Amino acid sequence: MTDALSSPARADRCPGQSYTDMLNGDTRPAPDYLLAESSIPLDDEPLDPSRYTSEAFAAAERAKLWPNIWHFAAREEDMPEPGDTVVYEIADRNYLLVRQEDGSIRAFHNVCLHRGRLLRDHGGRAVHLRCAFHGFTWHNDGSLKEVPCPWDFRHLEGRNLSLPQLRVERWQGFVMVTENAGLPPFRTWIGPGVEHYDNWRLDECHTMAWIGRVFPANWKATAEAFMEAFHAVVTHPQILGFTADANSRYDLYGDHMNRAITPNGALSPHVRGRSQRYVLDKITEFLQGDGGGRFAEDGGDDLRGFAPDDPLLARKVLAQANREIFAAMDGHDYSAVSDSEVLDNFTYNIFPNFAPWGGLVPNIVYRWRPWRDVDHCLMEVRILTRTPKGTRPPKAPPMHLIGEDETFMTVAHLIGPGLAGVFDQDLANLEAVQKGMKASANRRIELAHYQESRIRHFQRTLDKYLGGELP
Ligand code: FES
Ligand SMILES: [Fe+2]
């Protein structure tokens, strides 16, 4: 597939319109941070599946990874009022976040300093932090309030019994915490690429839906299933009519961030000989009745003044429809925003387990956590939507945990049947991936050089943590 907009073919990229070609045909000037590619030379060595299946590897992660990163522990709207708390557990760590009277947020190790019970079992409103075992109590700022039977704890008099704190930073509406006192500030730790979000202002968004499900696969295997669009051709064939899967852009930044940008409103290179009208029909079909409402229901019928033979017709029509829908939804002005930023899938990952999508469409946020054992993880999906101008963001709904015998279709009313169907397809793969990695005879996992470069990048950074090179 070639046409007037295609740049000269590169042997290391899928033929056809590249994402950069699409940016060059954008109805608005595409920003530099979309045009610029960013790669890092990486090897092509196979991965050993025991990374995903061995308890010893998970133990190394518990010792060297989780205590040494910035964690996405909460969204601001999870805890809007003074006294609101969030409990965040990951691997064997357990953190308690508390909104203070002055609006700041403190984070503590969620452990009673008496005999080590978890201080709170779950989030919610707190007037103080009282342990349910014997009643040791702390003020919400972490200072000690009360010791029961003080005559029996004379040996602790004069000791600092304030709750040990974690560092907290607030970024784009996400509450980030780390227990490593020596880590650089969050933005510095991320490094190049983090500035892209300054244009997307996720701090002006709030959580519209929040879904969790335990996946029967290692947290890394699950996260990696969302790092590449390579699998769409076989796993998600229903999106090929409007998703240029194989022409996705993959960019790597520093150690802690990478991205895939998968163009929407463009035909997959795996599908031949279909018109722009077909693309519009297919995306309309996918989104019809989809509660997400990303595109106009009439997106396939109103060409909005663009020429019917424009090779980027579908993208232009859908982008313009989205500008109008989003402006009506939230009162913001999208008139100068590139087609790409109101249309495409910007799946950014922040090392190791946090994926806040970029762009200006209602943003998806993924988070993955080890759960129970190496063979399970908790995957969370949030949908952020832009808060209407002049209004306060509503408090986030609690996480809706899907049962382990249930599919994502059970939450189709929250995330739309199109997206729910896609997650169910991914879920079906992952249990088999985990089993397959255990059964592997040659003990080699092979990666595509470009389309799976984000997995390689992620694993390289993980090795740096486990090997002591980072943080
Ligand atoms: S363990 Fe908390 S009061 Fe005893
Ligand atoms: Fe998928």
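**A guided tour of the predicted model**

Begin with the open sheet of 3 strands, whose order is β6-β7-β8 and whose pairing is antiparallel. Strands are DSSP runs of E with at least two residues, helices are runs of H or I with at least four residues, and both are numbered from the N terminus. Two strands pair if DSSP finds at least two bridges between them.

This is a predicted model, in which local features need pLDDT of at least 70 and side-chain atom pairs count only at pLDDT 80 or more, while totals for chains, interfaces and linings use all residues. Residues are numbered from 1 along each chain as its sequence is written, and chains are lettered from A and ligands numbered from 1 in the order in which they are written.

Select β6 (129-130) and β8 (144-146), the edge strands, each of which pairs on one side only.

Next, select β1 (residues 71-75). Is this strand enclosed or open? It is largely enclosed by the rest of the structure, because 5 of its 5 residues are buried (a residue is buried if 20 or more other C-beta atoms, placed from the backbone, lie within 10 Å of its own). Strand β10 (residues 174-178) pairs with β1 in the antiparallel sense over 4 bridges. To see one bridge, show arginine 75 and its partner in β10, phenylalanine 174.

**The two domains**

Colour domain 1 (19-44 + 193-466) and domain 2 (73-182) separately; such bounds come from an automatic or database domain assignment. Their C-alpha centres lie 35 Å apart. At the interface, 12 residues of domain 1 are in contact with 9 residues of domain 2, contact being defined as C-beta atoms, placed from the backbone, within 7 Å. On the domain 1 side, β11 (205-215) and β16 (363-371) each supply at least two residues. The largest share of that side, 3 residues, comes from β11.

**Helices α8 and α9**

Finally, select α8 (residues 276-287) and α9 (residues 313-330), whose axes come within 8 Å and cross at roughly 40°. Axes are lines fitted to C-alpha atoms over the stretch in contact, with angles from 0 to 180 degrees between N-to-C directions. Show Gln276, Val279, Leu280 and Ile283 of α8 with Leu313, Ala314, Val317 and Leu318 of α9, which make the contact.

Note on methods
Contact = placed C-beta atoms within 7 Å. Buried ≥ 20, exposed ≤ 12 C-beta atoms within 10 Å, placed from the backbone.
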